[in-house]
Amino acid sequence: MEVNLAKTAGFCFGVRRAVDKVYEEAGKEQVYTYGPIIHNSEVVSDLEQRGIKVLHSREELEKISEGTVIIRSHGVAKDIYELIRQKGLHLVDATCPFVLKIHRIVEKASAEGKQILIIGSAEHPEVEGIRGWCSKDVHVISDAEGLSEIDLGCKPTCVVSQTTFNYNKFQDIVEIIKEKSYHIEVCNTICNATEERQLEAKSIAHDVDAMIVIGDRQSSNSQKLYEISKKECGNTFFVQTLKDLDLKLFESTGKVGITAGASTPEKIIKEVHASMTEKSFEQLLEESLVTIRNG
Ligand code: F3S
């Protein structure tokens, strides 16, 4: 079997930086992360065992009176920073610099009186965080249909995207917006790591008989990799760990591709990769029988 493992599979720069910061802080004093540090249950439970607690909401943050609060790579709204400071808690900001850049863009555009249009998923914590840096005039859409609700004709508008949004989908929506509006500032804030990972997944999936996408079910960027791969290769599987993979399904597969979302630990990728490259006992036995038969 030929196995093609994507070079871009796994932690991106922002996630690696955030996870490293949490491990650096572990054991110093009571440490909290504001939301799970990454969308990966394996990593989150390892951190729990090291005494790191997850705050799931502003209300939970309000209840604590001491310790360190780590902001994850997704970033948070301005009022969360204010609350952490008011309470005198120690703040460690692991917001990805690419997300911080979006906060600065929308804050400035809002101050200039522009309405903000975020292209992304309204429920995603990164988008909630971005919203929290805008004035009230903000809209979130995830597809072109959402545009019908927004007045684009006369108001100056600043368009940004969730960092993990699909690049082609973003471009299609922007084309439609440009036809409707003259007062528009478009900032393509899709992260290169996402774009590169998506393009590589597409190209590998196009060329293989089966594709494996490794990621946590909560991870939106992993799910997008699955969607992209599935379009190119009907035989695409989404797994969280090696345990979810039925190796029998790949016994007669010629070429397999593997990619993984930005929050997938290297250990899990290596395990899945090894399971595909290491031949099973049955395969080895079959090959040696063929050699014996052929003399
Ligand atoms: Fe940052 Fe891009 Fe990763 S925005 S968290 S480097 S996907």
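Is L249 buried or exposed? The residue is exposed, because 11 other C-beta atoms lie within 10 Å; by the criterion applied throughout, a residue is buried if 20 or more other C-beta atoms lie within 10 Å of its own, exposed if 12 or fewer, and partly exposed in between, with C-beta atoms placed from the backbone. L249 belongs to the loop between β11 and β12. Its C-alpha atom is 9.5 Å from that of A210, 39 residues apart in sequence.

The structure is a predicted model, in which local features need pLDDT of at least 70 and side-chain atom pairs count only at pLDDT 80 or more, whereas totals for chains, interfaces and linings use all residues. Residues are numbered from 1 along each chain as its sequence is written. The protein contains eleven helices and twelve strands, taken as DSSP runs (helices H or I, at least four residues; strands E, at least two) and numbered from the N terminus. The C-alpha trace spans about 80 × 55 × 25 Å along its principal axes. Of the 295 residues, 40% are buried. Among contacts with a separation of 6 or more, 74% involve residues 24 or more positions apart, two residues being in contact if their C-beta atoms, placed from the backbone, lie within 7 Å.

Helix α10 comprises twelve residues, 266–277, and extends 16 Å from its first C-alpha to its last, close to the 16 Å expected at 1.5 Å a residue. The expected span is 1.5 Å times one less than the number of residues. Its buried residues are I268, I269, V272 and M276. These residues lie on the same side of α10, because they cover an arc of only 100 degrees around the axis, the arc being that of the directions from the helix axis to the C-beta atoms. An α-helix has 3.6 residues a turn, so residues three or four places apart point the same way. E266, K267 and A274 are exposed on the other side of α10. The cover over the buried residues of α10 includes β1 (2–5), α2 (41–49), β10 (210–214) and β12 (255–260).

Strands β10 and β12 also take part in the packing of α9, whose buried residues pack against α8, β10, β11 (236–239) and β12. Helix α9 has 13 residues and reaches 19 Å between its first and last C-alpha atoms, close to the 18 Å expected at 1.5 Å a residue. Its buried residues include S220, N221, S222, K224, L225, Y226, I228 and S229. The axes of α8 (residues 192–207) and α9 (residues 220–232) come within 8 Å and cross at roughly 30 degrees; axes are lines fitted to C-alpha atoms, for helices over the stretch in contact, and angles run from 0 to 180 degrees between N-to-C directions. The two helices are therefore roughly parallel to each other, angles under 35 degrees counting as roughly parallel, over 145 as roughly antiparallel, 65 to 115 as roughly perpendicular and the rest as oblique. Their crossing is right-handed, meaning that the near helix is turned clockwise from the far one by less than a right angle. On the α8 side, T194, R197, Q198, A201, K202, A205 and H206 meet N221, K224, L225, I228, S229 and E232 of α9.

V106, in helix α5 (residues 97–111), counts as buried because it has 24 C-beta neighbours inside 10 Å. Apart from neighbours within four places in sequence, V106 contacts I116, I130, W133, C134, C158 and V160. The C-alpha atom of V106 is separated by 40 Å from that of N4, 102 residues apart along the chain. I116, located in strand β6 (residues 115–119), is likewise buried, with 23 C-beta neighbours inside 10 Å. With neighbours within four places again left aside, the contacts of I116 are V106, A109, S110, C134, D137, V138 and C158. I116 and V160 are 44 residues apart in sequence, with their C-alpha atoms 7.7 Å apart.

D93 lies in strand β5 (residues 90–93). This residue counts as partly exposed, because 15 C-beta neighbours fall inside 10 Å. The C-alpha atoms of D93 and I52, 41 residues apart along the chain, are separated by 16 Å.
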